[in-house]
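Please consult the sequence and the model alongside the text.

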Amino acid sequence: MKLDIIFAGVGGQGIVSIASMLAFAASEKGFAVKQNEVHGMAQRGGSVACHVRISDKSVWAGIIPKGSADFILSIEPMEGLRYAGYLSPSGIIISGNQPVKNIDYPDENRVISAIKKHEGSVVIDTAALADKLKNTKAANIILLGALIKKIGLFGPEMESLIKKRFASKGESVVDINLKAFNAGMSNI
Amino acid sequence: MLLGDEAVAFGAIHAGISAAYAYPGTPATEIQEAVQKYSALHPDAKIKADWSINEKVAYEEALGCSLIGLRSMVSFKHVGLNVAADPFMSSMITGANGGLAVVPCDDPGMHSSQNEQDSRFYAFFAQIPCLEPIDAQEAYDMTREAFDISERFKIPVMVRSVARLSHTRGKVRFSGEQKQNKLKIPENFTGWNVLPSNARAQYDSLLSKQADFIKWSNSHPANRIHIEKGAATGVIATGLGFNYFMEAASSSGGASYSYLRVATYPVPEQKIRELLKNVSTLIVIEEGNPLIERLIWKYIAETGKKIAVKGKLSGDLPSAGELNTESVRVVLGLAALKSSAAVSSDIVRGRPPQLCKGCPHADTFYALNKALAGKTEKVVFSDIGCYTLGFYPPFKAIDSCVCMGASVGMAKAASENGLKYSVAVLGESTFNHSGITPMLEGIKRKSPFTVIILDNSTTAMTGGQDTICIGEDLEKVVLGLGLEKEHLRVVNPIPKNLDENAAAILQELEYEGPSVVIARRECLQIR
């Protein structure tokens, strides 16, 4: 078993946090795991990517080679496209639909249709789902749920991890994140 | 699951450090942050881990601990070692008492830096041992080991990290914790006083240790060698280059290689000779500047054989930027992995980092631009920090950025050599780091320049670490340097003060002597 996943977005969207949840769960299950993060300058509203590599053998490189990614999870649609060259022939993009327009942004419809050109790729209406949950910042957890559904592994582990990680922020925060996770699971 | 940086921190903590010194800088910041977190949770451990004012001071602090017999670590980004180079090079003469590990984190690819310098060259230059981990577990193990060999050889030891190691998480198994050393005043201070007569003897002693370092390196288990029967191609890989090699070789379609990983310096000569015995082509894969590719000719000459060398110097690997599995596949002669067709290159736009919405620096830049509007004979010298982003539109407010604190000396010199409007713009942390000494010079020489200190009360670009001197204390420092009180202006950079602030800056620009404008408003990220 080998899983190479790129988490893409803009600094401040919670990329590192969901990537580390998956990496932690897989490591606890006994898989070899490496997770590369971006710190420093790029975090200031720049494009940010995080690589997670999971294998039942050894993982050598911390970054995923081009042509090897099984999934790109992008909280911001254009950021997912940025790494399309990393996808393996069967790899897919799972993207949210909320653009961050802090630059001269390309035509949104073109972005979405370019994502869908990668066979099997999915654009999830994170805008509507987050709105329903009354939590504008839930997109990352919604997409994590969708990714876990596609992978077909680590579902229960992720739920207990959500409970643990958000426990200090109170029951309502745990609850909203569990709902977001399940919304992602059931909307892909 | 620990970051490479966190693994370094725990390696040092479990090796029994009494203190860690550092100045924040990507990709090294998380080392000191991890020690600080541990120290706060375990006050009984009594580990000092404050931020230092700059890397030179940090190094000297660690060396001071070493002199009294305690273990200490000093960490910073690669260019921090330039700042610390003076005590670093001299400490090879003094040697170490308590274990001293210096951990520079390099940034090949310049993700968050101004250059790609390879710290292994500093270890080579100083003639000290260096360890090069490739994953979090090794970052932990090798940092621990660095303290042991530092005490064994009585010399500071380097652990070299790079961004992709510092910022990659992996599982780490801890080994037992060692107790801190007891304070011990040296019986003989001769070696600690680098008067030429002492230094000559100490340098002889350093030279005589070289053979021991090589012996240690030859037998180090991380220098893994594999001789593939019948393979004519040999590979020497160092640092993360070894990871990319192993990754590429695992899907090589049957091609196989003899290989040696070099993980310790000075290089394990015996193992290099053993590898060379069997090969006619040698591929050298190094993350950073070619070091072994330069050294290798001595060993090739010894074989009396003709061996072709492929690497960065030969142009077979890219000289700039990070290595990756793709570039290593190319030098190994392997086909690229098939990718899903990239259809989107014409849609994707660059998204450079930018100042946060509402950032106080933005307001200062607008005020500065307004003050300088219409002036032609002007240069805005700036510096390292979030405000370097003021180079980009919509601000286009700064002209230069060189190294920590350079803005002050450059602006001072430009002003006294005829530039009418010579301005330095730097953050308060950078001013603390390296701006105070050139400011003192500029004030005493009465140079006609203006320094704008952006006091947001934190070291923001690296994530909001404490600055040692901010606010009113910072005003006192500037006045203490001898600045005339009426030419120290403190402004509040908020949008509605634009005209007022621009007028204050303009008044000081027109003054033909040294002046300082402190633009003080707290960073939004630390509220």
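Three salt bridges are counted between domain 1 of chain B and domain 2 of chain B, a salt bridge being a side-chain nitrogen of Lys or Arg within 4 Å of a carboxyl oxygen of Asp or Glu. A salt bridge joins the side chains of Arg164(B) and Glu322(B), at 2.9 Å from N to O. This is a predicted model, in which local features need pLDDT of at least 70 and side-chain atom pairs count only at pLDDT 80 or more, whereas totals for chains, interfaces and linings use all residues. Residues are numbered from 1 along each chain as its sequence is written, chains are lettered from A and ligands numbered from 1 in the order in which they are written, and side-chain values use heavy atoms, with hydrogens and water left out.

Across the same interface, 21 residue pairs are in polar contact, both residues at pLDDT 80 or more. A polar contact is a pair of N or O atoms within 3.5 Å; within protein, one must be able to donate a hydrogen and the other to accept it, and residues adjacent in sequence count only if both atoms are side-chain atoms.

The area buried between domain 1 and domain 2 of chain B is about 2200 Å², with 54% from carbon and sulfur atoms; buried area is the accessible area (1.4 Å probe) that two parts lose on being put together, summed over both. In domain 1 of chain B, Arg120(B), Ile134(B) and Asn218(B) lose the most area to domain 2 of chain B, together 29% of what that side buries.
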